[in-house]
Amino acid sequence: MAQATGDVEREIVVAIPLFHRFTALDAVGPYEALHMIPGVTVRFVSVREGEAVTADIGQLQLISTASFTDLPNPHIIVVPGGPGAFTAVNDAALMDWLKKAHITSTYTTSVCTGALALGAAGLLEGLTATTHWEAYADLAAYGAIPTETRVIQHGKIITSAGISSGIDMALHLITLLKGEKVAKMVQLLIEYDPQPPYDVGAPSKAGQELVEKTRQFSEYFINTLPAN
């Protein structure tokens with residue numbers, strides 16, 4: 001995948017910020033695709049290097065490999081979502097880092113409700129953007145125009161829909177960085193060949209009854225999360 005000329009390629013640093021109650025697949029899905037690319041380094045970042053950050057239900061943790069201070073200018077930002085995203089927008093350390101890092105980033109991206117952080121940072125005003133379908137109203141409150149489209153790009157800002165769409169977004173990023181051939185190789189390498197048993201992966205496909213039942217199920221899930 002590297003250049004055949006022997007030239008040394010610039011290292012591309014991807015930063016995935018972690019916050020309490022992030023959704024694991026939002027962060028790990030893009031990581032699995034992006035870290036395979038020669039010349040790309042993926043770092044999980046939080047307030048302190050070595051911090052164990054707990055995912056949504058409290059049964060999984062990721063360890064940050066850099067602090068916000070250590071990594072102020074990553075080339076690519078991938079903000080995950082999760083139940084904690086609604087309070088993460090009030091995390092001064094995270095939001096200050098995101099606003100400053102965006103200034104010099106090549107691409108600033110989000111998965112699922114990670115888009116709310118981009119909105120809170122003032123990056124989505126007047127733009128079509130996507131997030132988890134349950135958070136469309138929250139996204140609109142930041143001046144964005146929510147849409148069901150799975151991956152949306154406006155210049156260097158890329159948003160992707162709920163949870164699993166982070167893999168699609170990562171493959172889109174790889175295409176931008178290294179070209180279609182490399183992206184296809186990564187897709188094959190991770191055997192990303194979605195064949196879900198039911199074609200109900202978006203509200204427009206699911207029907208109103210299933211959407212409402214899923215809202216109730218989601219509310220139950222949120223209300224049963226551990227206190228800490």
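1. Ser-67 has its place in strand S5. Strands here are DSSP runs of type E with at least two residues, and helices are DSSP runs of type H or I with at least four, both numbered from the N terminus. At 7% relative accessibility, Ser-67 counts as buried; the word means under 20% relative accessible area, while exposed means over 50% and partly exposed lies in between (1.4 Å probe, protein chains only). Leaving aside neighbours within four places in sequence, Ser-67 is in contact with Val-45, Ser-46, Val-47, Arg-48 and Glu-49, where contact means heavy atoms within 4.5 Å.

2. A note on the model. The model is predicted, and local features need pLDDT of at least 70, side-chain atom pairs count only at pLDDT 80 or more, and totals for chains, interfaces and linings use all residues. Residues are numbered from 1 along each chain as its sequence is written, and side-chain values use heavy atoms, with hydrogens and water left out.

3. The sheet. Seven strands form an open sheet with mixed pairing, in the order S5-S2-S1-S6-S7-S11-S10. Two strands pair if DSSP finds at least two bridges between them. Strand S5 (66–67) and strand S10 (151–154) stand at the edges with a single partner strand each, so one side of each is left without a neighbour in the sheet.

4. Pairing around S6. Strand S1 (residues 12–17) pairs with S6 in the parallel sense over two bridges, and Val-14 stands opposite Ile-76 in S6. S6 is also joined to strand S7 (residues 107–111) by four bridges, and these two run parallel. Here Ile-77 stands opposite Thr-108 in S7. S7 in turn runs parallel to strand S11 (residues 157–160), with four bridges joining them, and Val-111 stands opposite Ser-160 in S11.

5. Which residues of S6 point one way, and which the other? From strand S6 (residues 76–79), Ile-76 and Val-78 point one way and Ile-77 and Val-79 the other way, and all are buried. In a regular strand the side chains alternate between the two faces of the sheet.

6. A buried helix residue. Ile-174 is found in helix H6 (residues 165–178). Ile-174 counts as buried, at 1% relative accessibility. Not counting residues up to four places away in sequence, Ile-174 touches Ala-33, Leu-34, Ile-37, Gly-179, Val-182, Ala-183 and Val-186.

7. Aromatic pairs. Rings of Phe, Tyr and Trp (its six-membered ring) pair if their centres lie within 6.5 Å; planes under 30 degrees apart count as stacked, over 60 as edge-to-face and the rest as tilted. The count by this rule comes to two aromatic pairs. The rings of Tyr-31 and Phe-44 have centres 5.5 Å apart and planes at 40 degrees, so the pair is tilted. Tyr-31 lies in helix H1 (residues 24–34) and Phe-44 in strand S2 (residues 40–46), so the pair ties together parts that are 13 residues apart in sequence. Tyr-31 is partly exposed, at 25% relative accessibility, whereas Phe-44 is buried, with a relative accessible area of 9%.

8. Salt bridges. The structure holds six salt bridges, a salt bridge being a side-chain nitrogen of Lys or Arg within 4 Å of a carboxyl oxygen of Asp or Glu. Side chains of opposite charge can pair when their charged atoms come close. One of the six joins Glu-51 and Arg-48 (3.7 Å, N to O), and Glu-51 is partly exposed at 22% relative accessibility.

9. Salt bridges within helices. Lys-184 and Glu-180 meet through their side chains in a salt bridge (2.7 Å, N to O). These two are four residues apart in helix H7 (residues 180–189), so Lys-184 and Glu-180 are separated by about one helical turn. Arg-215 and Glu-212 form a salt bridge as well (3.6 Å, N to O). Arg-215 and Glu-212 are three residues apart in helix H9, and so are also separated by about one helical turn. Arg-215 is partly exposed at 34% relative accessibility, and Glu-212 is partly exposed at 34%.

10. A surface patch. Ile-57, Phe-221 and Ile-222 make a nonpolar surface patch of about 220 Å². Patches are made of residues with over 30% relative accessible area and no salt bridge, like charges being joined within 9 Å and nonpolar side chains (Val, Leu, Ile, Met, Phe, Trp, Tyr) within 5 Å. Accessible areas come from the Shrake-Rupley method with a 1.4 Å probe, and for residues only the protein chains shown count as cover. Phe-221 lies in helix H9 (residues 208–223) and counts as partly exposed, at 30% relative accessibility.
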